[in-house]
Amino acid sequence: MITVKNLHKSFGKIEVLKGIDYHVEKGEKIVIIGPSGSGKSTFLRCMNLLEQPTDGEIWFDGKKITDPKTNINKVREHMGMVFQNFNLFNNLTIIDNITLAPTKLKLMGRDEARQKAEALLKRVNLLEKAEAFPSQLSGGQRQRVALGRAMVRNPAVFLLDEPLSNLDAKLRATMRTEIAKLHQRLDITFVYVTHDQTEAMTMGDRIVVMKEGVVQQFDTPQVLYDTPDNLFVAGFMGSPQMNF
Ligand code: ADP
Ligand code: MG
């Protein structure tokens, strides 16, 4: 589904991604984890060219998206993205926030978009807020709307950047389950950024551990835990004393 070859990204003189290779199978749930500033968000944003890589190749479902001839907007129609700081349009109702993109992009008609949006709101327990405005919702509710908005387009791939970071512990657990259910149901591919070890261990089929723009190890939670490649991975993925 996604292949990344020797990806480099610099901002000015600072090299943030230092040659990343990775491959995601269709239907996999990949978690990217690492300390703050390790390049997780930059890596995710490169995957739909919100950031232009300095060097390297990115392939999406057989298309080389780093090729300038590729129409990235067409490719993005198959990607749902939820940012770290989700942005809802404050002057639009919740339902309009969700239906705006699919109708604008002419992916579906107005009625179909509305039906889908209502079904999604029901699933994340927010149907009664359909006609409310973002300012009338709590942070957690807004975050669920942002997830719903990404889901309505039925994307082949979800790119999620710390989508649960603003939620309290209880809601985070609920939403984690909701995301896992969504994944089972739709068999879509997830790339999920977090700095939370529990979230990574419970949600990832495979986990990318990053440090300073370099992938330290990319494997299943079990392998990372049992046979970490280095002390950084050992310390980051387990209780340090035990893993060391
Ligand atoms: P993470 O998501 O792991 O916390 P980021 O990918 O956001 O890390 O950032 C990695 C590094 O790149 C940081 O040092 C950050 O300051 C820098 N960086 C990110 N975006 C930009 C930008 N647009 N311009 C300059 N530096 C940036
Ligand atoms: Mg980040």
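Residues are numbered from 1 along each chain as its sequence is written, while chains are lettered from A and ligands numbered from 1 in the order in which they are written. Because the model is predicted, local features need pLDDT of at least 70, side-chain atom pairs count only at pLDDT 80 or more, and totals for chains, interfaces and linings use all residues; side-chain values use heavy atoms, with hydrogens and water left out.

Let's begin with the six-stranded sheet, which is open, mixed in its pairing and ordered 6-7-8-3-9-10. Strands here are DSSP runs of E with at least two residues, helices are runs of H or I with at least four, and both are numbered from the N terminus; two strands pair if DSSP finds at least two bridges between them. Strand 6 (79-82) and strand 10 (214-219) each have a single partner strand, so one side of each has no neighbour in the sheet. From one strand to the next, the twist averages 15°. Inside this sheet, strand 7 (residues 157-161) runs parallel to strand 8 (residues 189-194), and five bridges join them. One pair to look at is F158 with its bridge partner F190 in strand 8.

Helix 5 (residues 139-151) lies across strand 6 and strand 7, and runs at about 170° to strand 6. Contact means heavy atoms within 4.5 Å, and the angle, on a scale from 0 to 180 degrees, is taken between N-to-C directions of axes fitted to C-alpha atoms, for helices over the stretch in contact.

The other sheet is open too, with four strands in the order 2-1-4-5 and antiparallel pairing. Strand 2 (14-24) and strand 5 (63-64) are its edge strands, each pairing on one side only. Eight bridges link strand 1 (residues 2-11) to strand 2 in the antiparallel sense, and H8 has K18 as its bridge partner in strand 2.

Now for ligand 1. Around it sit F11, V16, P35, S36, G37, S38, G39, K40, S41 and T42, where being near takes a heavy atom within 4 Å. That shell divides into three nonpolar residues, six polar and one charged; Ala, Val, Leu, Ile, Met, Phe, Trp, Tyr, Cys and Pro count as nonpolar, Asp, Glu, Lys and Arg as charged, and the others, Gly among them, as polar. Helix 1 (residues 40-46) gives the most to the shell, with three residues.

Which atoms of G37 lie 2.7 Å from an oxygen atom of ligand 1, backbone or side-chain? A backbone N or O atom does. For K40, a polar side-chain atom lies 2.9 Å from a ligand oxygen, and for S41 a side-chain N or O atom is 2.8 Å from one.

Terms used:
Polar contact = N/O pair within 3.5 Å; in protein donor to acceptor, adjacent residues only side chain to side chain.
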